[in-house]
Amino acid sequence: MLRVGGKMTCMACRNLVSNNMGVKVRIPLQKLHPLSRAIHHRYSNQQVPPHRTAARHISTMSRLPMRPPKPPPGSGGRGHQQQRNFWMLRLAARILRLRYIVLGSAVGGGYTAKKTYEEWKDLLPDFSEYNWVIPDYIWELSEQIDLEKLAKALPEMEEIAKLLPDMNKIGENFAFLKSLLSTGIVTGASGLHLLLETAGEPALKAADASAPASTEASDKQYKKSSDKEKLDQLQEELLRTQMKYQRMLERLEKENKELRKVVLQKDDKGIHQRKIKKSLIDLYSEVLDILSDYDSNYNTQDHLPRVVVVGDQSAGKTSVLEMIAQARIFPRGSGEMMTRSPVKVTLSEGPHHVAMFKDSGREFDLGKEEDLAALRHEIELRMRKSVKEGQTVSPETISLSVKGPGIQRMVLVDLPGVISTVTSGMAPDTKETIFSISKAYMQNPNAIILCIQDGSVDAERSIVTDLVSQMDPHGKRTIFVLTKVDLAEKNLASPSRIQQIVEGKLFPMKALGYFAVVTGKGSTSESIDSIKDYEEDFFQNSRLLRDGMLKAHQVTTKNLSLAVSDCFWKMVRESVEQQADAFKASRFNLETEWKNNYPRLRELDRNELYEKAKNEILDEVISLSQVTPKHWEAILQKKLWERVSTHVIENIYLPAAQTMNSGTFNTTVDIKLKQWTDKQLPHKALEVAWETLQEEFARFMAEYKGKDQDDIFDKLKEAVKDESIKRHKWNERAMDSLRVIQHNALEDRSITDKPQWDAAIQFMDETLQSRLKDTESVIQDMVGPDWKQRWMNWSSRTADQHIRNETKNELERLLKLNEEHTAYLANDEVTTVRKNLEGRGVQVDPVLIKDTWHQMYRRHFLQKALIHCNLCKKGFYYYQRHFVDAELECNDVVLFWRIQRMLMITANTLRQQLTNNEVRRLEKNVKEVLEDFGEDSEKKKHLIIGRRVQLAEDLKKVREIQEKLEAFIEALHKEK
């Protein structure tokens, strides 16, 4: 206890009384517990003198009812006893009165605190669009924790207010702190909002509401300064605040990037038990890839959003795209056209910075310079390959995906730069082709146009701005980007021209937002990090930003990337469900058409039909091994004789028959057979065998077709058969062995028994009869119809046939005169025949006489040979005696036996080669052809055609696209 003015007071009140006089409040009395305050001040044993009553009456809240005076001694103890008996009741009543006072103070203080909290809450910017800064596992943790239960476990606001001391005083302190913060901190918050807001969006209302307070506070703080100095100081302060929060954001983004990289790497290693799903941008890119292969008649792929990068040549399109992708992935050239075809780049987030083509499995590590060089070289090769001969640019799209930590998710298409003049080496229609390609992409109503303008050249030289204004006159989906701002600041005499550009006042086009970026110093060896540092340093020191010509959210490629990504996903969310509904309607129409036209057939697309046809063709090839040896030999022997019979009759038998004796006949036959075997016979035999194999293959395919074969496979099977035959080559070593076998067979003249002799006679007779029939037919065509045919068919001979008929009659008389005439007419005989014909009034050419004689003599020879063949049917006895002292010589029968035996042995040899080797090789060739055709989609489109095929293809594509879109929409809703 301490004594104050000679009296005792409590320890809790030592700071309430000064050393001199009066009361100096250091700690408000409300800090004391109400019960403690009542006991120490009112019910102390010490009496307070009347002149110190001011020390008791500290405040109205601490004043208690005064105690009645004690009765003097001797008056009796009645009144004192009554007071002593009810002092506890009076104490309780006073304590109850204190409860109402404290309760009212708590309620008022709670209301003031709540109102102050709401005001501060309105001052804070909206950070909901920056949830991506927080890693995904934090959101997953929030899903596992029941926040509602946690909130219920906390005490209510009224209970907390009861525990608080004097909330009125605290409310006054909050109001004072608010007035202090309105001059500096709120201004910084509004500056932070200016940095974070996207292009084309209004500032937060809280920042606008704080502007009057900021102005009033600034007027008080800088009331001695001029308006100019105030403005300069405020701009510098705003710039410092913006830069401060910009560095803070970059630091957070860098930390977030590292955290996400670690999380994604753990996902790749399978540490997390949850199933890794494809990202949104990957799902969306798959939809675009499927649509690019879809039938263009539906024209659906042009209705899905993508970012189309357009600009004049060398305006910096590729550099901006590289800054967004955070890698120098495109080929470069000094002033020449490098982008020769559209390049679709799908940007997504991943643990490693890699790039990959759609149709390739190779990953290019963008952190390695050698992989970057290989990627640029591959892109250049693909561009040049896509350009047709005689052209400069191509509309074919090259699909590329880039993944890496911190990359904004979107799909961009880099188009060839717009040119104003066609230079030497370019195709004459290059300018028009570039315009048509650009318009085709920009006319998509959901495409976001990223218009790139070179800031270092005069604005009047721009071509692309007029093109963009035609495709998007209201600027609802256009983002304007001014590149090379560093050069523009140096070269332009009036920097306000840049301000006019980024404010949309210089060009006739309109845009959602305007950005100014710097993409390096122009050196191809600069890295992305060095370009970023240079860009940041430039804008920090640039007077464009310092003087307020540019706003903080309008500069750097980082802000551009954020704005484009937000605009892209906004467009996707607005349009993707409409596209899904359109595909639902298309699917219903296609399914209805299929049910009406092909109710009993399965919906097999082109690839499935190809697999079915492939199995059928392989089954037909295997069926070749089921052909019997007897069937092979019969076919081969027949076809080989048809191929060589003319040569045997005309070049071997006929010349040998002109000889005078058997020795000369046999010698002539042996010589000619040897020459024939060495030069022609093996080749002819192999040709016959290969043709037989083809015919049998075709026959099996035709027979298989009758078993419910689908007609749509006919074109494919014919192409497979032709290509397989084209690739098949007979084993050349078999020709040498075949030649030896044939030579040995023809040298054998020994006929062992009568059946072999009869077989040779029959073979000879059939051959001569067939040849005689063919010769008679030729003569009949030469001379025309005879009198019977003319009478029955009312036909007549032509002038040429009349001449040939007269010539035939004259030559027949010549043969009757000399039946042993040789095969050729002498010149004097030709002259005689011509003179005789002229005597009858027929003018004839000597060549016609010789030609007619050839056919007449062949018929005469064959008739004589047939007569001789019939005589030799009983000549086997003379053959066994070697025709010694025999009137009948049958050497021609021996010749035909040798030919027949050679045919049988050749057919057997070829059959063995076919069944053992060639059929298997043909089956292998067919498999190779089928594999090659299966990898060539264009080939399959050409060979498997028809409305049924196209309808199945459309159904498959529509279903696949619909499923992809539904999966994408579901993932999109989950992300919301």
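A residue is taken as buried when its relative accessible area is under 20%, as exposed when this area is over 50%, and as partly exposed in between, with a 1.4 Å probe and protein chains only. The structure is a predicted model, in which local features need pLDDT of at least 70 and side-chain atom pairs count only at pLDDT 80 or more, while totals for chains, interfaces and linings use all residues. Residues are numbered from 1 along each chain as its sequence is written, and side-chain values use heavy atoms, with hydrogens and water left out.

With the cut-off for burial applied to the cysteines, C567 has a relative accessible area of 13% and is therefore buried. C869 is likewise buried, its relative accessible area being 0%. A disulfide is defined as a pair of cysteine sulfur atoms within 2.5 Å, and by this rule one disulfide is counted. This disulfide is formed by C872 and C890, whose sulfur atoms lie 2.1 Å apart, and the link between C872 and C890 is left-handed, with -100° about the S-S bond. The pair connects distant parts of the chain, 18 residues apart, since C872 lies in the loop between α32 (846-871) and α33 (876-880), whereas C890 lies in the loop between α33 and α34 (891-935). Helices here are DSSP runs of H or I with at least four residues, and strands are runs of E with at least two, both numbered from the N terminus. C872 counts as buried because its relative accessibility is 0%, and C890 counts as buried because its relative accessibility is 0%. C869, by contrast, is in no disulfide, and the nearest cysteine sulfur, which belongs to C872, is 6.9 Å away.

Two strands are treated as paired if DSSP finds at least two bridges between them. On this basis an open sheet of nine strands is found, with mixed pairing and the order β6-β5-β7-β4-β8-β3-β9-β10-β11. Its edge strands are β6 (364-365) and β11 (513-516), each of which pairs on one side only. Within the sheet, strand β3 (residues 307-311) and strand β9 (residues 448-454) run parallel and are joined by five bridges, and V310 stands opposite C451 in β9.

Helix α13 (residues 317-325) is largely enclosed by the rest of the structure, because nine of its nine residues are buried. The buried residues of α13 are K317, T318, S319, V320, L321, E322, M323, I324 and A325. The helix α13 is followed by Q326, whose phi is positive, near 65°.
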